[in-house]
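These are my notebook entries on a single protein chain. I record what I looked up, entry by entry.

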Amino acid sequence: MEARVGMVMEGGQRTLNADGVTAKFMVQNTHQLGTLHQLLAGGIAGAFSKTCTAPLARLTILFQVQGMHSEVAALRNPSIRCEASRIINEEGFRAFWKGNMVTIAHRLPYSAVNFYAYERYKNLLHSLMGENVRGNSSAHPLVHFLGGGLAGITSASATYPLDLVRTRLAAQRSTMYYRGISHAFSTICRDEGFLGLYKGLGATLLGVGPSIAISFSVYEWLRSVWQSQRPDDSTAVVGLACGSLSGIASSTATFPLDLVRRRMQLEGAGGRARVYNTGLFGAFGRIIQTEGVRGLYRGILPEYYKVVPSVGIVFMTYETLKMLLSGISNY
């Protein structure tokens, strides 16, 4: 999923992908970097990471939506190499980045809404639990978990139309029904109504809780085990390794929801007939019936391949920008 769930911790920010694809650990000092600079650095780092891994992301989407119509029999054993070759031969090398501009446009508003919502939900939860926010720097993990989940739901809902448009642009092959971002928005509203921009939102929100729970618990468990065995290792190395592994675990568990979400986002696209008319659980049943359980994991390999580079790029870019922005703010 491109709807990311942010969990901002005291002394650091951990951004957990709602589909479990990426768990990014970014150490930061809030006294050195203001809120605006945090959002700017996080947004740019996320956009740069998404741009670098866009080819793998598009391959994931193309595999996920295979089988919606008449391609099931022909694509029982899809190959990343063959699909990549097809894209280059039929669409050109630049086609690997179809829909990436929407992803970049999605980053900053998502980060802003997520950051603001998390702070508001955290303060609310502190007040409900009877804790003094200012006097308690090590808040209960439950506050972070619930605050991160609620912030993820809020930010995912607020920016969901951009995510849907990105999917439709990336899923296009040789036939171009949508000519760009603005054309896609206007065409969807005209053909499917305003609510057409929110197809698949239920699957997105349903995946927020499990994704955060798995990423959070796996990350904390791996970090505690690692630090107990190798306490002298670099915090950055521990964060990168544990973040990558927790992302893989979360991705594996929640990938079927992400696949169903993508397919529901494409329902009725380009005037094509609807395939899943019985809701979220009906879609699951139809996929299992026609493609088997393995059909729920179409595209999981390119998802796996992009976890580690995505985590590494975000971490290094964020740290570099943090140093640059800290230096600028000191002048």
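Entry 1: I looked up K306 and found a relative accessible area of 4%, so K306 is buried under the 20% limit. The model is a predicted one, and my entries are to be read accordingly. K306 forms a salt bridge with E303, and the closest N and O atoms are 3.6 Å apart. Both residues belong to helix α11, which covers residues 300-329. Their spacing is three residues, about one turn of the helix. For E303 I noted a relative accessible area of 3%, so E303 is buried as well.

**Entry 2: salt bridges elsewhere.** I searched the whole structure and recorded 20 salt bridges. Which residues are linked in a network of salt bridges? I listed R58, E83, R86, E90, E91, K98 and R173. I then examined E91 within this network. The side chain of E91 meets that of R86 in a salt bridge, at 2.9 Å from N to O. E91 also meets K98 in a salt bridge, at 2.7 Å from N to O.

**Entry 3: the loop between α6 and α7.** The C-alpha atom of E91 is separated by 9.7 Å from that of T175, although the two residues are 84 residues apart along the chain. T175 lies in the loop between α6 (160-171) and α7 (181-192). Its relative accessibility is 65%, and because exposed means over 50%, T175 counts as exposed. I also looked up Q172, which lies in the loop between α6 and α7. Q172 counts as buried, because its relative accessibility is 6%.

**Entry 4: helix α4.** I checked the length of α4 against expectation. The helix has 30 residues and reaches 42 Å from its first C-alpha to its last, close to the 44 Å expected at 1.5 Å a residue. Where is α4 kinked? I found a kink of about 30° at R107, shortly before the proline P109.

**Entry 5: a nonpolar patch.** I looked for nonpolar side chains on the surface. L124, L128, M129, L142 and L146 form a nonpolar patch there, with about 460 Å² of accessible area together. Two helices, α4 (100-129) and α5 (141-158), each supply at least two residues of the patch. Which helix gives the largest share of the patch? The largest share comes from α4, with three residues. I looked at M129 in more detail: M129 lies in α4, and M129 counts as partly exposed because its relative accessibility is 37%.

**Entry 6: helix α5.** I then listed the buried residues of α5: V143, H144, G147, G148, G149, A151, G152, S155 and A156.

**Entry 7: L40 and L325.** I placed L40 in helix α1, residues 35-52. Its relative accessible area is 36%, so L40 is partly exposed. L40 and L325 are 285 residues apart in sequence, yet their C-alpha atoms are 9.3 Å apart in space.

**Entry 8: cysteines.** How many disulfides does the count give? I recorded zero disulfides. For C189 I noted a relative accessible area of 33%, so C189 is partly exposed. C242 has a relative accessible area of 1%, so C242 is buried.

**Entry 9: the chain as a whole.** I ended with an inventory of the protein chain. Its secondary structure comes to eleven helices and three strands. From the N terminus on, the elements run β-β-β-α-α-α-α-α-α-α-α-α-α-α. Of the 331 residues in the protein chain, buried residues make up 52%.

Technical notes
Residues are numbered from 1 along each chain as its sequence is written. This is a predicted model: local features need pLDDT of at least 70, side-chain atom pairs count only at pLDDT 80 or more; totals for chains, interfaces and linings use all residues. Side-chain values use heavy atoms; hydrogens and water are left out. Patches are made of residues with over 30% relative accessible area and no salt bridge: like charges are joined within 9 Å, nonpolar side chains (Val, Leu, Ile, Met, Phe, Trp, Tyr) within 5 Å. Accessible areas come from the Shrake-Rupley method with a 1.4 Å probe; for residues, only the protein chains shown count as cover. A salt bridge is a side-chain nitrogen of Lys or Arg within 4 Å of a carboxyl oxygen of Asp or Glu. Helices (H or I, at least four residues) and strands (E, at least two) are DSSP runs, numbered from the N terminus. Buried means under 20% relative accessible area, exposed over 50%, partly exposed in between (1.4 Å probe, protein chains only). The expected span of a helix is 1.5 Å times one less than its number of residues. The bend at a residue is the angle between axes fitted to the seven residues ending there and the seven starting there. A disulfide is a pair of cysteine sulfur atoms within 2.5 Å.
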